[in-house]
Amino acid sequence: MPSFLSSGFFGVDAMCHRGGSMRLMGMFLLALCLLGPDAFAQRANQRNVKKSNSKTKIRLPESVRSKKPVDLEVTPVRTSSRQEIRYAANELDTFIERELLAEGITPQELASDEVFLRRVYLDVAGRIPTLEEASRFLESKSSDRREELIDQLLSSPDYVSHSYNWWADTLRLVDRPQPNLVADPYNGYVKQSIAENKPYDQWVYEMLTADGKVWDNPAVGFQLRDDGMPLPYIDNTVRVFLGTQIGCAQCHDHPFDEWSQYQFYQLAAFTAGTSTRMRKGDPGFEKTNPANALINEGKKHFDKGRVPGEFQRIARANTYVVSERPRRLRLPHDYAYRDAKPKDVVEPKVLWGEIPTSAAKATPREQFAAWVTSPENPRFSQTIVNRLWKRLMGVGFVEPVDDFRDENPCVNEAAMDHLCKELIRRGFDLKELTRIVLYSQTYQRQAVDFDITDGEMYYFPGPTVRRMTAEQVWDSILTLAVNNPWPFQRPTAEEMKPVLDLDFSKVDFAEVKRRSATFKESYFSPVYKRNLNQHAYQRNVLCRASELPAPLPADHFLRQFGQGDREVINGSQDEATVPQILAMFNGPITHLMLEPGSALVDNVLQVNNVKKRIDAIFLSVLTRKPSTEDRVLASRELSSQNQTGVGYGNIIWALLNTREFLFVQ
């Protein structure tokens, strides 16, 4: 069977097999044309020169060249529950294998340690392992080494970073949803909730009920993401947390499902009283909007009446205050159905089930949140189980993952029900739920090439072959290139509040002017982004994808590889494009790892033996040792070059441009 390597960058062969012909020679020749002066060769030759009057220029920022611990406290997994997790994983395997037997499908064999290692790093840490990490695991003699690695990764900052990227795509996290709305504290809150492993039901309840300013109570950012759009807010909330698409019912009865327009308005009535702005009577808001008053005063003081952007932003940002006030919702003026009249008042009612008795006397918004997150609401647990299952296995029990209905049946109800019960029994601990799936033989089997667009049911004889997400590609290249991929982290509410918070009942123009100057120097978006350039290589800021500003420009490497603009739920893409090929063939981010001072260059040059250097390159890039044929072709390339460093650089570049690098097996 042909290998990933024989398929080239986007070959048609998707079989996960490490043998076969490597066929790298064409890439080597193309590399010579495209790469130009080889920095790897310069670094290698420099080591062989005892005396030199010149030093190799180091272009990598100092901040990424030295290994440093990540300043992020992460709640570890419960080591005491390992035996329980094993038992739950075995039960999961039983339900999967029972369905496979009924369909006459043979489960895949267990994946090799090399394949498992790379897969679990990509799925949990969002990156490939370093050479040191790969060597340590593959040399381990522990019978529990897979479980130990899973627990280690789930307890790491890498898990937080990768999970944040996943949630950012689902929750549509951006730094500025509107020009005057600062959402960074909310984004930091999402990351922190993952780091502390906040119970999922508690986390969602907080986001649905939070009041105040975003730096006082960052969870309000969820409400503010749909600021000024109360009906889309309900649609997005139900889709994200309950896996149900009711958006069509905003304007008319759903054409493909049971939901009516009247039912949609009944549900929307729970949150109709949510306000996102200051109102008259709030501190500092008497006769006129205090932000407008300050800006108007600024026109008298600033040169030519031009009020600086940072002054306007900080003033208006302080008018975003979420609160709940009594308000009744009416049907639209053009309501056309016989069950009610246009502009009738609508009483709140949930789509299914009942409001929990514990919330009977709560506010409407609290009642809605209690219903969404209730253990008695099956769709709440089913949706997160289904989303997480797809994240790790490539296909959901139900597809699409946010469209539960009769036309989209669950492929294995017993397995999903088992995971839902475990989630509830373990207090909505998402880390423990993830652990069950990762411990299972179902997850640890060899991957299968499956195309979900074929319309066939997938019964999970193993995970599916998937292309890395944009963030996984980016973070994996950083892993190869830099020793410190966390030179900075995104700002938090605690950091931003002293700079941004204004009490309109106390501050005057002079104070706001002073505070806006501090804002400009720190978190004002244009200046903040420029300040990040101290960590850049050829205009690419070298930091984990989770910490970069969002959305990124359309021509950024992450956007080229499918990261969405976060305007729609799960808007990322994984289709191949020409810009992706060009970026990998000759883009600055792939040149990065061949720069003097890069982690990969240093790791390879630390080894003097040619055979071990080739091993180090393959372990670093593909997380496996080279096959006999791989080794022959690599050695042939080295012998064909006058400069050995050029040969090593070409091998690295060629491996990076293979399907094996870009896909999760």
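## The second largest pocket

By class, 14 nonpolar, nine polar and nine charged residues make up the lining of the second largest pocket, where Ala, Val, Leu, Ile, Met, Phe, Trp, Tyr, Cys and Pro count as nonpolar, Asp, Glu, Lys and Arg as charged, and the others, Gly among them, as polar. This pocket holds about 730 Å³ of space. Of the 32 residues that line the second largest pocket, Lys 67, Arg 127, Thr 130, Glu 133 and Asn 483 are the closest to its centre. The elements that give two or more residues to this lining are helix 5 (131-139), helix 6 (145-154), helix 7, helix 20 (470-481) and helix 27 (599-605).

## How the model is described

This is a predicted model, in which local features need pLDDT of at least 70 and side-chain atom pairs count only at pLDDT 80 or more, while totals for chains, interfaces and linings use all residues. Residues are numbered from 1 along each chain as its sequence is written, and side-chain values use heavy atoms, with hydrogens and water left out.

Rolling a probe the size of a water molecule over the atoms shows where empty space is left. On a 1 Å grid over the protein atoms alone, a cavity is a set of points where a 1.4 Å probe fits but cannot get out, a pocket is an open set with protein on both sides within 12 Å along at least five of seven lines, and lining residues have an atom within 4 Å of a point. Grid points are joined across faces, edges and corners, and a volume is the space filled by probe spheres set on the points. Helices (H or I, at least four residues) and strands (E, at least two) are DSSP runs, numbered from the N terminus.

## The cavities

The structure holds four cavities of 30 Å³ or more, and in the largest cavity there is about 140 Å³ of space. Of the 16 residues that line the largest cavity, those closest to its centre are Tyr 159, Trp 167, Ile 194, Trp 203 and Leu 430. Helix 7 (157-171), helix 8 (184-195), helix 9 (200-209), helix 16 (378-393) and helix 18 (430-439) are the elements that give two or more residues to this lining, and the largest share, four residues, comes from helix 7. The lining of the largest cavity divides into 10 nonpolar, four polar and two charged residues.

The second largest cavity contains about 60 Å³ of space, and among the residues that line it are Arg 172, Pro 177, Tyr 186 and Arg 225. Helix 8 and helix 10 (221-224) are the elements that give two or more residues to the lining of this second cavity.

## Where helix 7 meets helix 8

The axes of helix 7 and helix 8 come within 9 Å and cross at roughly 130°, axes being lines fitted to C-alpha atoms, for helices over the stretch in contact, with angles that run from 0 to 180 degrees between N-to-C directions. That makes helix 7 oblique to helix 8, since angles under 35 degrees count as roughly parallel, over 145 as roughly antiparallel, 65 to 115 as roughly perpendicular and the rest as oblique.

## Backbone details in loops

The peptide bond from Glu 399 to Pro 400 is cis, with omega near -5°, and Pro 400 has its place in the loop between helix 16 and helix 17 (413-425). Lys 304, although it is not a glycine, has a positive phi of about 60°.
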